[in-house]
Amino acid sequence: MIHTLASTPLYQSFRAFGWPKMVPLNFTLLISTKCNSRCKTCNIWKQIRDDLTMDEWEKVLKSIGTRPYWFTISGGEPFLPAHTADLAKAIYDINKPGVINIPTNSLLVDKVARDVESILKYCKNTQVVINLSLDGIGEMHDYVRGIPGNFEKVMANYKNMMRLKEKYPQLTVGFHTVISKFNHDHVPALIDFCYKLKPDQYISEIAEQRVELDTVGLDITPDYDQYEKTINYLIAKMKAENVEGFGKITRAFRLEYYDFVKRWRSGQKAGVKDYAGWSSCEISSWGEVWPSCIGGINLGNVRQNEYDFKKIWFSKRANAVRKKMKPNEESFPLANAFYTNALCNHHVLAKVLLRIISNR
């Protein structure tokens, strides 16, 4: 982590001057658009793609190197493909990241348990984060997710993950809620419910329009008043927690993120430069390299570039896209990318450090 923090001036220079050429710290690998959920906030399952094979992913990973600190294996439902555990192990062997993060809808309870334990047995020196999607209690969750009985499977999956945590200390288990127009009134009760279960973390994101999820044009984002009321409840809950050590650090980053999203939703300028395309990126299941999943701008396809990520990342096409993106001084409310942006925006990092020191 110290090495990651020390590299942030290099990313600032890369964004400002195009030098030194830097591989991102934060990668999201969209391994499949296939999904067994039918969420009201996502249409990714409608996309039919020719997914990269495990052999193809290994070639891409080898071209990336060991600079990245954080990998997210995403979907669709990340545990639907047969090679999810093999991909996590390949990331561990080849890229040696500090964190491998995998969300899940929990519908494949047995496979998730098998795959996660297989990953944990192998990836002994990397933090493995499993976030269980949870958008309501009981029928509300099933309504938002479009699958009857989904809530009960989340609870079964949670029990399995907590049992694994007793054996594997590198496992972090959390709940993740998407706050949308469909569930915002129910989220405070959900927050209380999750806190009683005592996961390692509870996190939320705001529903937004993304090319990746095929939600551009859909009315899914809560308005400012709806979101503020809900997120303020979570903020108050977080501030009342007595946390120590690394927990204080993660809480400070999340509190800064939630304040940022409130400003974004109210239309205010937050003054956080977007580093997507410099310090973070996404690779789609069909091989396209994107600065982020919001716009899904194609910098190039690994299948057409010898599976060489750097060949695409440092290409004339990528440089031209960055030139167009550079005037954008505002980050997007995508949590994964925001935390990298916070590291690279030193005034935001200073606010995070102040939160840690003052314990607020």
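A crossing of two helices is called right-handed if the near helix is turned clockwise from the far one by less than a right angle, and left-handed if the turn is anticlockwise. In this predicted model, the crossing of helices H10 and H14 is right-handed.

Helix H10 spans residues 246–266 and helix H14 residues 346–358; their axes come within 9 Å and cross at roughly 125 degrees. That angle makes H10 oblique to H14. On the H10 side, the contact involves Lys248, Ile249, Ala252, Phe253, Leu255, Glu256, Asp259 and Arg263, which meet Val348, Leu349, Lys351, Val352, Arg355 and Ile356 of H14. By class, the residues of this contact comprise 8 nonpolar and 6 charged, with no polar ones.

Helix H10 also packs against helix H13, at an angle of about 110 degrees and with the axes 10 Å apart. Angles of 65 to 115 degrees count as roughly perpendicular, and H10 and H13 are therefore described in that way. Phe253, Arg254, Glu256, Tyr257 and Phe260 represent H10 in this contact, while Ala335, Phe338, Tyr339, Ala342 and Leu343 represent H13. The contact of H10 with H13 holds 8 nonpolar and 2 charged residues, and no polar ones.

Phe338, Ala342, Leu343 and Cys344 of H13 make the contact with His346, Val348 and Leu349 of H14. The contact of H13 with H14 has 6 nonpolar residues, 1 polar residue and no charged residues.

| Helix pair | Axis distance | Crossing angle |
|---|---|---|
| H10 and H14 | within 9 Å | roughly 125 degrees |
| H10 and H13 | 10 Å | about 110 degrees |

The C-alpha atom of Ile357 is separated by 39 Å from that of Lys62, and the two residues are 295 residues apart along the chain.

**Aromatic pairs**

The model contains 14 aromatic pairs. In one of them, the rings of Tyr92 and Tyr122 have centres 6.0 Å apart and planes at 70 degrees, so the pair is edge-to-face. Tyr92 counts as buried at 15% relative accessibility, whereas Tyr122 is partly exposed, with a relative accessible area of 38%.

Another aromatic pair is formed by Tyr257 and Phe338, which are tilted, with 5.4 Å from centre to centre and 55 degrees between the planes. Tyr257 lies in H10 and Phe338 in H13 (residues 335–344), so this pair ties together parts that are 81 residues apart in sequence. Tyr257 is buried at 0% relative accessibility, and Phe338 is buried at 1%. Both residues also take part in a cluster in which ring pairs link Phe253, Tyr257, Tyr258, Phe260, Phe338 and Tyr339.

**Backbone geometry in loops**

Most residues other than glycine have a negative phi, and most peptide bonds are trans.

A cis peptide bond joins Trp19 and Pro20, with omega about -5 degrees. Pro20 is found in the loop between helix H2 (8–17) and strand S1 (26–32).

Lys96, which is not a glycine, has a positive phi of about 50 degrees. Its place is in the loop between H4 and strand S3 (99–104). At 56% relative accessibility, Lys96 counts as exposed.

Tyr307, also a residue other than glycine, has a positive phi near 60 degrees. Tyr307 lies in the loop between strand S8 (289–290) and helix H11 (309–313). With a relative accessible area of 16%, Tyr307 is buried.

Note on methods: Residues are numbered from 1 along each chain as its sequence is written. This is a predicted model: local features need pLDDT of at least 70, side-chain atom pairs count only at pLDDT 80 or more; totals for chains, interfaces and linings use all residues. Side-chain values use heavy atoms; hydrogens and water are left out. Axes are lines fitted to C-alpha atoms, for helices over the stretch in contact, and angles run from 0 to 180 degrees between N-to-C directions. Helices (H or I, at least four residues) and strands (E, at least two) are DSSP runs, numbered from the N terminus. Angles under 35 degrees count as roughly parallel, over 145 as roughly antiparallel, 65 to 115 as roughly perpendicular and the rest as oblique. Contact means heavy atoms within 4.5 Å. Ala, Val, Leu, Ile, Met, Phe, Trp, Tyr, Cys and Pro count as nonpolar, Asp, Glu, Lys and Arg as charged, and the others, Gly among them, as polar. Rings of Phe, Tyr and Trp (its six-membered ring) pair if their centres lie within 6.5 Å; planes under 30 degrees apart count as stacked, over 60 as edge-to-face and the rest as tilted. Buried means under 20% relative accessible area, exposed over 50%, partly exposed in between (1.4 Å probe, protein chains only).
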